[in-house]
Amino acid sequence: MHPGVTPLVEVDDLHVHFGEARAVDGASLMVLPGEVLALVGESGSGKTTLIRAIQGLQRPTSGAIRIEGDPVDRTTRPKIQTIFNPTVQMVFQDPTGALNPRQTIYDVVSEGLRIIGQGDQESERVADALSRAGLRPPERFFPLFPHEISGGQRQRVVIAGAMVMQPRLLLADEPVASLDASIRGEILALMRRLVDETGLSILVVTHDLGLAWNIADRVAVMYLGRIVETGPTEQILGDPRHPYTKALLSVVPETREMEQQILTGEIPDPARIPSGCRFHPRCPLLQSGSLPEEIATRCPTDDPGPVAAGAASGAACWAVSSPDSVGSALTP
Amino acid sequence: MSEPLLSVRDLNITYHGHGGEVPAVRGVSFDIEKGGSLGLAGESGCGKSTLANSLLRLLPAGTEVTGEITLDGQDVLGLSPGGLRAARWTSGAIIFQGALHALNPVQTVGDQIAEPMLIHKTAPSEKAARQRVVDLLGRVGLSDARADSYPHELSGGQRQRVLIAMALACDPHLLIADEPTTALDLMVQAQVLALLDDLKEERDLTLMFITHDLSVLTYACQRLAVMYAGRIVEEGPAWDVFENASHPYTRALAAAFPTIGDTSSRMAPSGLGGDPPTPGSLPVGCPFHPRCPLARAECQVAEPGLRPSGPGRSAACILV
């Protein structure tokens, strides 16, 4: 689907089970070099487990994760090297909680370099990372403690601490959810600029579709451990195919022209994933009774399967039959 | 326009801390008519939660509050302790933010919802209170069985609904919702907003809704008030203000949440530089001027008051 481009990250039929609970249950996705992929879904969809597996912090039950073609194998590398793998860095949701209140900004940002033993030209690299993150002049921030700077600046420090490692991939888990509205745009603009300027890739986990519209090249929608729809942002947010994506989009407060499809209840327990299509008990399309008989009878019994690994776009739904959906993966 | 259920006049709230006086709310006035809804927007530290808590006198002892708060015909600031206890839960109730911390971890949620009804004797017996708990849980989309659950057995969204059920227990006339959806997923947020909408219709409930997400307020409320540095800087019909803000600060807040499909915001997140001022040391002149893209020399001289900016609208900016 993307000829000639080697994906930076490939997640192939990943399963992460905790006892009966199938938190990640056949998820496949890829992140291309220099792109922002937004992974969206509700709490309990398995988003966080999936990115922990990409970091090497969570051992998969089965399936493969490759970063720049190399398998992420938690068993063959010492744990500390996995966590401080400079290729993959993390930006957390709450910058105040992510920073040690007793460390100066300089110590926070330089810590990763010291851990991986790349302490040469340390202060130059710290200064460079801080100014890339928009904290200028960087030297002014060196001696400050987290409580001496604002919430927006703290998130910039967290980003600088990741950027100092010269990563190829940033994993960002709800990077602006705990920030004020006015600061949000600044941090998103910074993330997009880092991608455009350095060729970095970002996998951003969020339930905020406006964030995806603001910065993501592509969107992957996750439901109960699987990717149920993926494609370019304009397509997913402009013309969603999967009834789950449609419902999510319909409840964004700004899209008030759309008829709201409020799903009842919450995402089911991953220890009791519904039969057939896992979305069918909450599916507004199935409940509307408008589906042809031959499709409606399949939904509760036949699993449409996940969106295929490497698919540029597709939706895991029996009712979606457009030519660019993932035909082969959908046929059992 | 019908009689206001809540009327606030020239409210000033000052905290006396170790660092001296901190003026958190500075001269705020507004009305909410019976059955109406007001959305209060602003960033952390703008005074919106202080304002909300003052409406039922829930601020820490020693906080200086001046002005007038009239709720349900009662002078809130002048109420005796007994009168205040009677007014809480029945005249006005609050849904607090942070669903995890607002519930007692060692009491079932059913008991917690029943408690205000028994104290206020709005339910004649424990049995009647129990029945009403089941009704309320159903109303917020939870099953009866949840009455016997402890808070840790519930998800964030479920706990938030429990708080809403509890706030509704004594049929309050005014419901104050302080960031009720901020910690929730999009779909649960939509469920909560739809629930509040239904309640407004069914019970003629008056709503004051507080969050920094202008798009949520615009969806949920008829009128919108935007606070900055302890003052209301813009007020008016919600959709009107959101779509066509008069104050540059409102404009920045509105742009922070893009309209999906709007090509001008695609790959172009919009933010506002700088940080909100600390309440203890406000800039001279308009407190927004250091961050304002349109600031002029005169903005550094005097703080503008609210002035008319359209039908039913006002804004505190000299450019209006």
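Here is a short chat about a predicted two-chain model.

Trainee: Before we start, what are the ground rules for this model?
Mentor: It's a predicted model, where local features need pLDDT of at least 70 and side-chain atom pairs count only at pLDDT 80 or more, while totals for chains, interfaces and linings use all residues. Residues are numbered from 1 along each chain as its sequence is written, and chains are lettered from A and ligands numbered from 1 in the order in which they are written.

Trainee: Which helix gives the largest share of the side of chain A that touches chain B?
Mentor: The contact draws on 33 residues from chain A and 36 residues from chain B, counting two residues as in contact if their C-beta atoms, placed from the backbone, lie within 7 Å. Helix H8 (181–198), helix H9 (209–215) and helix H10 (233–238) of chain A each supply at least two residues of that side; helices are DSSP runs of H or I with at least four residues, strands are runs of E with at least two, and both are numbered from the N terminus. The largest share, nine residues, comes from H8(A).

Trainee: And how many charged residues are on the side of chain A that touches chain B?
Mentor: Ala, Val, Leu, Ile, Met, Phe, Trp, Tyr, Cys and Pro count as nonpolar, Asp, Glu, Lys and Arg as charged, and the others, Gly among them, as polar. On that basis this side has 14 nonpolar and eleven polar residues, and the charged ones number eight.

Trainee: Which strands stand at the edges of the open sheet of seven strands in chain A?
Mentor: The order is S6-S7-S8-S3-S9-S10-S11 with mixed pairing, where two strands pair if DSSP finds at least two bridges between them. Each edge strand has a single partner strand, so one side of each is left without a neighbour in the sheet: these are strand S6 (88–91) and strand S11 (314–315) of chain A.

Trainee: Which helix packs on that sheet, touching S6 and S7 of chain A?
Mentor: S6(A) and strand S7 (residues 169–173) of chain A run parallel, joined by four bridges, and A:Val91 has A:Ala172 as its bridge partner in S7(A). The helix that packs there has a direction making about 175 degrees with that of S6(A), and it is H7 (residues 151–163) of chain A.

Trainee: At what angle do helix H4 and helix H5 of chain A pack?
Mentor: A:Tyr106, A:Val109, A:Ser110 and A:Leu113 in H4(A) meet residues of H5(A) including A:Val126 and A:Leu130, and the residues of this contact divide into six nonpolar, one polar and two charged. Axes are lines fitted to C-alpha atoms, for helices over the stretch in contact, and angles run from 0 to 180 degrees between N-to-C directions. The axes of H4(A) (residues 105–115) and H5(A) (residues 122–132) are 10 Å apart, and the angle is about 115 degrees.

Trainee: Over to chain B: which residue takes a positive phi in the hairpin of S4(B) and S5(B)?
Mentor: Four strands form an open antiparallel sheet in the order S2-S1-S4-S5 (chain B). S4(B) and S5(B) pair over two bridges, with B:Thr70 and B:Asp75 as bridge partners. The hairpin has two residues between the strands, and the one with phi near 60 degrees is B:Asp72.

Trainee: How many bridges pair S1 and S2 of chain B?
Mentor: B:Ile13 stands opposite B:Val25 in S2(B). Strand S1 (residues 4–17) of chain B pairs with S2(B) in the antiparallel sense, and the bridges number eleven.
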